[in-house]
Amino acid sequence: MITTPQEIITRMPASVWQPFDDPLDSGWAVDNFWAHWGLFSVGIIGFVLLVVMGFIWFERRFISPMQLRIGPNRCGPFGLLQPVADAVKVMLKEDIVPNLADKVVHFIAPIAIFVPVLLMFAVIPVHEGVGLIPDLNVGILFVIAVGSIETIAVFMAGWGSNNKYSILGAMRSVAMMVSYEMPMAFAVVAVVLVTGTLSLQGIVQAQTIPFALLLPMAFILYFIGALAELQRTPFDLLEAESEIIAGYHIEYSGMKFAMFYLGEYGGAIIQSALITTLFLAGWKGPFLPPFLWFMIKLFAVFGMIVWIRATWPRVRIDQLMSFAWKYMLPLSIVNLLIVALEVIWFEGDAVTWWLVPINIVICGALLTGWATFFKLRGGPQVES
Amino acid sequence: MEQLGTGESVAFWIFAVLGVTAAIGVVAVKNLFRAALLLVFCFFTVAGIYGSLSADFMAVAQVLVYMGAISVLIIFAVMLTRDLRHGNPFNRGWAWALVICAALMGLLVFVFIDTSWPTIEATQVEAVNQVGKDEATTSAIAESIFDKDFGFLLPFEIAAAMILAAVIGAIALVRDK
């Protein structure tokens, strides 16, 4: 089904996408370390800012018909300039620091929340060999490690604000991130077992079948974990407006609040990019240029996330915790065991088409079976 | 140190100075929460030093384990502390503590300098660098831990069982029945 990137390039007409073809092979970028570094650093920052604005517009336009309304449509064609207007507004607002806040921590927190998001983009390949360090040999571990810094940043924001609602939000957030990181990591380990490499580029190259089909269980677990990591509906109770106002960023305004907003949507981009890379074969795809495929998959994954936001209600905190520990964690361990057995059975070459139906059947049976078990015993009951 | 390139040396010294400063800050700063954050920063600089020494897996594992997990535990412990307002305790014993710490530090430095560490010859450096380029350190570490004949598989499994027992014990202790 999927041809190699070389085939795609040869089939492709020399078009506007030519710059994305192979800057590394054409020579100048890889020879000059500083040129490569500068180009991709500036490129990543620009890409994140642009796609954040794109995502905000896309989310508002996509969710409004689902809620029987129109959404922003006044500012520019189709309301496309609305995010620009919002950005200007938020930059011009007054920056308020509470009197009793820990001022240094209050100042560093928005930076500490946005920097890891940018760092994670360094290892994402948007095309064969194109990225800041797309072939880092500990790539996926790097992403998980840098992602875990976010927990501390949230804590800093909550504590530094000296506000009881923000500390409540921060506590909820940390409890959630710590519990959902584990099933996510197990899902990633299943992918690494099949590919035998930690490099994100290697993982994409190994996907002659998209792993969403080959490892459906890992895909579903990772997707749910990503929703929790992003603090989006149905797991948005750490900034639940009706309960604790806005969670850990109540006391922020102006540009600092914009940094949190950027961090949130930047996180959405990075998780969509990771799902694309790990489970949807990254830049690969027929006919269209690789970078375009990458963007299409990115927006498709984000569309799913928005769709879920429009559909599901928010969960309670006890439901959240029991879902992570009693449902997702056991399933992720069982999934890891099954994948390991398959890899041993096929002697390391488990990327074969006829494993796809088997794995889908196993996934369905496990999901429904464990759900029944989860409902009968334990489950989200409030203990008296 | 002579074997490092200039870029790596610069990175090493930046991380070393920042790390020592942060470590001193942990004991000198009065605000407990800031002290915990400085400790997290110190962990980060240690990861940077691993990175400058080409130990990629160690650097990432340092960030993952210490910054992602241990620091959260520490911060939770700080928040459960009573009398947080009083902050880092200082009393008259600080002079004695300084003397004892300086003596311990001196002893450690002496041991590090005096020991004849097993180092590789200059001729071997080339070969090692070649291997390092071809293979990730991750697989080398995995092989030396999990190898069937020369690895530490049994100790590893025993450690895992021990940690599991500790977790179950903790749950059994706090569970109300």
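## Helices around the second largest cavity

In chain A, α11, α15 (317-345) and α16 (355-376) each give at least two residues to the lining of the second largest cavity. Helices here are DSSP runs (H or I, at least four residues), numbered from the N terminus. This is a predicted model, where local features need pLDDT of at least 70 and side-chain atom pairs count only at pLDDT 80 or more, while totals for chains, interfaces and linings use all residues. Residues are numbered from 1 along each chain as its sequence is written, chains are lettered from A and ligands numbered from 1 in the order in which they are written, and side-chain values use heavy atoms, leaving out hydrogens and water.

A cavity is a set of points on a 1 Å grid over the protein atoms alone where a 1.4 Å probe fits but cannot get out, and its lining residues have an atom within 4 Å of a point. Among those lining the second largest cavity are A:L214, A:M217, A:I338 and A:E342. Its lining divides into 9 nonpolar, 2 polar and 1 charged. Ala, Val, Leu, Ile, Met, Phe, Trp, Tyr, Cys and Pro count as nonpolar, Asp, Glu, Lys and Arg as charged, and the others, Gly among them, as polar.

## The largest cavity

The largest cavity has 25 lining residues, with A:M120, A:G147, A:E150, A:E229 and A:Q271 nearest its centre. α13(A) brings the largest share, 7 residues.

Definitions and conventions
On a 1 Å grid over the protein atoms alone, a cavity is a set of points where a 1.4 Å probe fits but cannot get out, and a pocket is an open set with protein on both sides within 12 Å along at least five of seven lines; lining residues have an atom within 4 Å of a point.
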